[in-house]
Amino acid sequence: MNLEELKPSKFISFLYHPEEILRFKAAEVLGRKVKGEKARNLILRLFWHLNDESGAYCVGAPLGIAEIGRNNPDVFEGFKNKYVSLLDDWEVERKYVAYGIGRLAEIVKDAYPNPVKKLREKIDEIEDEEFTAYAIIALKKLGDDISDLRSRFRDVRKPVKYYDGEKIVRVAFCEFLRELDCC
C-alpha cells in the first residue's frame with residue numbers, strides 16, 4: 001500500500017495514534033498531500049481538535065499543523081502567531097509545538113509572540129528534557145545563540161527521546177547536545 005494514495009482523513013487518525021513515530025510520519029505525509037484552500041481548512045480543523053470543546057482532542061495536531069504550514073507557507077502566514085501562542089496552552093503537547101517551530105523557523109521567526117523569547121521562557125517553566133531538546137533545536141534553527149543552554153545542560157545525563165527526522169532517538173541529554181554540534 002502506498003501511503004501517498006490514502007486520503008488526508010486517514011492521516012489525521014494517525015495523529016491520535018499512541019505510537020509517537022506514526023504521529024510524526026503521518027504529519028509529514030499530510031503536509032505533502034494538502035495544498036491551498038484544503039490546507040487552510042485542514043489547519044483550522046486541527047486547531048479545533050486542540051480544543052476540548054471539539055470532543056476529539058488530537059495530541060498530534062501541532063505536528064500536522066506544522067507540516068501543512070511548512071509545505072504551504074502562504075497559507076500558514078495567517079496562523080503563525082496562533083501557532084507560537086500554543087506554547088502557552090498547558091493542555092497542548094508543547095514538545096510538538098517546539099518541534100513544529102523548528103520545522104517552521106523561517107515562517108515563524110517574526111511571529112508574535114516572539115518564538116525565541118517564548119521557547120526560552122518555556123524551557124524554564126516546563127522543565128522537561130524532551131521539550132527542551134525540541135526547543136533547543138528550534139532556537140538553533142531560528143538563529144539564536146544557544147551557547148548558554150549548551151553549558152547549562154552539558155552535564156545532564158538523563159535520557160532524552162526525540163524525533164530526528166527519520167526515527168525516534170533515545171540518548172543522554174549531554175549526548176544530544178554533542179550530536180547537535182554536528183548539525
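My entries on fold, surface and salt bridges follow.

**Ground rules.** I am working from a predicted model, where local features need pLDDT of at least 70 and side-chain atom pairs count only at pLDDT 80 or more, while totals for chains, interfaces and linings use all residues. Residues are numbered from 1 along each chain as its sequence is written, and side-chain values use heavy atoms, with hydrogens and water left out.

**Fold.** I looked up the secondary structure and got 12 helices and two strands. Helices (H or I, at least four residues) and strands (E, at least two) are DSSP runs, numbered from the N terminus. Reading from the N terminus, I noted the order α-α-α-α-α-α-α-α-α-α-α-β-β-α. The radius of gyration is 16 Å, close to the 16 Å from the globule rule for 183 residues, so the protein is as compact as a globular protein of that length. That radius is taken over C-alpha atoms, and the rule is 2.2 Å times the number of residues to the power 0.38. I also wrote down the C-alpha span along the principal axes, about 45 × 35 × 30 Å.

Of the 183 residues, 49% count as buried. My cut-offs are under 20% relative accessible area for buried, over 50% for exposed, and partly exposed in between (1.4 Å probe, protein chains only).

**Salt bridges.** I searched the whole structure and found 21 salt bridges. One needs a side-chain nitrogen of Lys or Arg within 4 Å of a carboxyl oxygen of Asp or Glu.

I checked Lys109 with Glu106 and read 2.9 Å between the closest N and O atoms. Lys109 is partly exposed at 45% relative accessibility, whereas Glu106 is exposed at 57%.

Next I took Asp144 with Arg120, at 2.8 Å from N to O. This pair links distant parts of the chain, 24 residues apart: Asp144 sits in the loop between helix H10 (129-141) and helix H11 (147-153), and Arg120 in helix H9 (residues 115-126). Asp144 is partly exposed at 22% relative accessibility, and Arg120 also comes out partly exposed at 22%.

Which residues are linked in a network of salt bridges? I listed Asp88, Arg94, Lys118, Glu121, Lys122 and Glu125. Within that list, Lys122 pairs with Glu121, the closest N and O atoms being 3.7 Å apart. I put Lys122 down as buried, with a relative accessible area of 3%, and Glu121 as partly exposed, with 38%.
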